[in-house]
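Open the model in your viewer and keep the sequence panel beside it. The stops below say what to select next and what is there.

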Amino acid sequence: MSDPLFSPDEAAEIAAHVEAHLTAWTWPEMQRALIAAGLSPEFADVVGLRLFDPSDDVVAGASDIESRILGALRDRTAPLPETDDRSAPAVWELTEPSSTGRVRDDLPDIYDVEQLAHWLNFTVPELEWFADRGRWLRNAREPLRHYRVFRVEKRDGFRVIEAPKPRMRETQRRLLRRLVERIPPHPAARGFVRGSSTAAFAWPHTDRPVVLRVDLRHCFESIDARRVRHVFSAAGCSPAIARILTELCTTATPPDAIHGLDPVHAGLLRERHLPQGAPTSPHLANLVLRGMDRRLAGFAAHNDLRYTRYGDDLALSGDRMDADRVLWTVLRVVADEGFTVHPAKTRIMHAHQQQRLAGLVVNDRPQVSRADHDALRALLHNAIRTGGAAQNHDGHPDFRAHVYGKIAWIGATSPARRDKLLDMASHVDW
């Protein structure tokens, strides 16, 4: 669904209506006022995220509400520009695959393997080698494979990372830029979307009596080649081109890399799947999950709830939510879509508890918990005295980048905290 366009008078009328009916500068009250003013729940989310900018340490909105609303609507009040600039990138909507299998007019004119190879700067033999249609490389020696496979230990097992080697990684980045990321995901998807963040995922669930969080188990590994091929077919690619694009974006893990994993996880990795570590995988996962997002967003709208998703984390909340009934529905939709829920990570969180989504506490507004902030502050304090290397207890290969990444994560919702932590980090001998 595309965002609506408003005339300047319509935008002013919406802003005046919101100012007149807003009872408190909170996310739920702002959403109620925007929807009452005639905005759809989806677009009310977009406007709300502009008003509750997570880069502001303190939300300053109590004064001059009308001008802030107008500012949030400003880019939707001008008429669409008339242009013949064919170099501008197109945004492609998913459709049902054409019965003729022909490529749509707004997609690149790629009808055969030779054209696709040229588009990706390959020869045809090179393209077939990287697509690995016959899965020859699954049993090849490690230097010939396209991915480096390693494991990251978790509390309940291992996360298997399949990092593409440089030439494959660059090919996937090219596909991501030229095709994959131009296909929009569902509006409920807040992870791996340009301009979005964990705060965008969490904002709709702030100050709610009940928040439900559900985690999908082995999400990437559960997305097989058939589902990925359907994404490319639905975007208008011919069957032959959709097949090769799918093979460039999926892999089957070699047997020696899955030894010792639990049988279910190993079985998923044994077949072609989205590899964790590939540039194309996060956005393709969002596109495969569109059906689930559409169903759960529809259920949420029908029951006056809010639904968002960040990667494999699903969240629903509401002022009057029967959490058990909602969980029952979510479990059945997830199973019907071919995924499984991680029971140990399912949470029903009430207002008297700490409500956490994607590492952010959402009882008041999204922010990193004090415990997480204090732990990083203590680490930096010790690193100033002993040097960075002495605090690298988990053996991160680039500890400085790891720490600065955590500072950026905290700073996304609190610039004041970020600035203090950055000042401490600048005094560390890395």
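**A bridge between two strands**

Select V361 and then Q367, its bridge partner in β10. The model you are looking at is predicted.

Now extend the selection on the V361 side to strand β9, residues 360–361. Strands β9 and β10 pair in the antiparallel sense, over two bridges. In general, the strands of a sheet pair through backbone hydrogen bonds, parallel or antiparallel.

The three strands make an open sheet, ordered β8-β9-β10, with antiparallel pairing. At the edges are β8, residues 356–357, and β10, residues 367–368, each of which pairs on one side only.

**A serine in β5**

Next, select residues 313–318, which are strand β5, and pick out S317 within that strand. Is S317 buried or exposed? S317 is buried, because its relative accessible area is 0%, and the cut-off for buried is under 20%.

Show the side chains of S317 and H205: a polar contact of 2.7 Å joins them. Then display what else S317 touches. Leaving out residues up to four places away in sequence, the list is P204, H205, R208, V210, V211, L305 and R306.

**The whole protein**

Zoom out and colour by secondary structure. The protein has 17 helices and ten strands. Of its 430 residues, 48% count as buried.

Last, consider contacts between residues at least 6 apart in sequence: 69% of them join residues at least 24 apart.

Note on methods:
Residues numbered from 1 in each chain as written. Predicted model: local features only at pLDDT ≥ 70, side-chain atom pairs only at ≥ 80, totals over all residues. Heavy atoms only, no water. Helix = DSSP H or I, 4+ residues; strand = E, 2+ residues; numbered from the N terminus. Buried < 20%, exposed > 50% of the residue type's maximum accessible area, 1.4 Å probe, protein only. Contact = heavy atoms within 4.5 Å. Pairing = 2+ DSSP bridges. Polar contact = N/O pair within 3.5 Å; in protein donor to acceptor, adjacent residues only side chain to side chain.
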